[in-house]
Amino acid sequence: MGIGLRLAFGGLALALATPASAQGVVNVYCSVQVEWCTLAANEFQKATGIKVSMTQKGSGETIAQLKAEAQNPKGDVWFGGTGDPHLQAAEEGLTDTYKSPRLADLHPWAVKQNTDSGGKTVGIYAGALGFGFNTELLAKKGAKAPACWADLLKPEFKGEIQMANPNSSGTAYTALATFVQMMGEEKAFEFLKALHANINQYTKSGSAPIKAAAQGETVVGIVFQHDAVTMKVSGAPIEVVSPCEGTGYEIGSMSIIAGARNMEMAKKFYDFALRADIQSMAKDAKAYQVPSNKGATPPPESPDFASIKLIDYDFKKYGSADERTRLLKRWEDEVNSLPR
């Protein structure tokens, strides 16, 4: 059965299911595309009758919120966002242990996230880091298309690159940790300082740089490749690049917040979000990550992991509280403080 038919039948089943009368509310902190969170929330509410109250923030902002609310938790589920801060949250006791009955349905990389966190988080998708560029703006500049990380240091890209701030964005922290693992820490910071000279803005959101490129506001956006695919599929003049030197990747994750007021509903949402049919619907929200359920079908436009030169990203180390805190402080002190 093709993906279109499967999605059609899956949607029909949800639509025809008789939802229970409203059984309360589950509070979800969303750190992935708001469109995907909205789709998942709507489908969950139709299927269960449980209302979803959702707020959308980047991974860095969300973990800061969890820390601020630790004595009086207001959220139940943290849905999406890079796995490193989910691992840090697990280490710091900000999230709760839960072994979903759907773990057996997931790819090993998604289960490993659960194992590494002591059962406190799980992978729901994967996405490779890269960048995208606006082909029309590049042609106007008469510049050669960048194919490697090193190309982004060229003088023709001065003031023409955007990336997010790693303190607020999991995407940008993944970039920081990727460069450290690929180049060694000292060379990575030399690279980041040189790149800083070509940056026109550090955005709050990880996907904002490629949206700016799609709108003609900057030539290059450093993002996860699936975010660049979203812009390209939407008709923007964006070319997606998997850097020639290699690149890191994320395991987008989901966690139940420690002290959740609506624990049983949180577990129901968690299990629901791991279902193959629900993950297969992500493409309807123009979300092109690789889903974690082995039975889910990735959108055909999704980046092909088999053709991407991926590093052996150390999620456990770079998701630890000490390492994240240290690297973010060094970036703030040595890179963000520099003039441009």
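The protein chain averages a pLDDT of 92, and 93% of the residues score at least 70, where pLDDT is the predictor's confidence in each residue, from 0 to 100. Over residues 1-22 the pLDDT is below 50, and this stretch has 28 contacts in the model beyond near neighbours in sequence, a contact being heavy atoms within 4.5 Å. The model is predicted, with local features needing pLDDT of at least 70, side-chain atom pairs counting only at pLDDT 80 or more, and totals for chains, interfaces and linings using all residues. Residues are numbered from 1 along each chain as its sequence is written, and side-chain values use heavy atoms, with hydrogens and water left out.

**Helix H2**

- Helices (H or I, at least four residues) and strands (E, at least two) are DSSP runs numbered from the N terminus, and helix H2 covers residues 34-48, with its end C-alpha atoms 21 Å apart.
- Among the buried residues of H2 are Trp36, Leu39, Glu43 and Phe44, buried meaning under 20% relative accessible area, exposed over 50% and partly exposed in between (1.4 Å probe, protein chains only).
- After H2 comes Gly49, whose phi is positive, near 80 degrees.

**Asn134**

- Asn134 lies in strand E5, residues 122-134, and is buried, with a relative accessible area of 3%.
- The side chain of Asn134 reaches the backbone oxygen of Ala213 at 2.8 Å, and, leaving aside neighbours within four places in sequence, the contacts of Asn134 include Gly216, Thr218 and Pro237.

**Ala306**

- Ala306 is in the loop between strand E11 (290-291) and helix H13 (315-318), and counts as exposed at 74% relative accessibility.
- Ala306 and Trp149 are 157 residues apart in sequence, while their C-alpha atoms are 20 Å apart in space.

Notes. The expected span of a helix is 1.5 Å times one less than its number of residues. A polar contact is a pair of N or O atoms within 3.5 Å; within protein, one must be able to donate a hydrogen and the other to accept it, and residues adjacent in sequence count only if both atoms are side-chain atoms.
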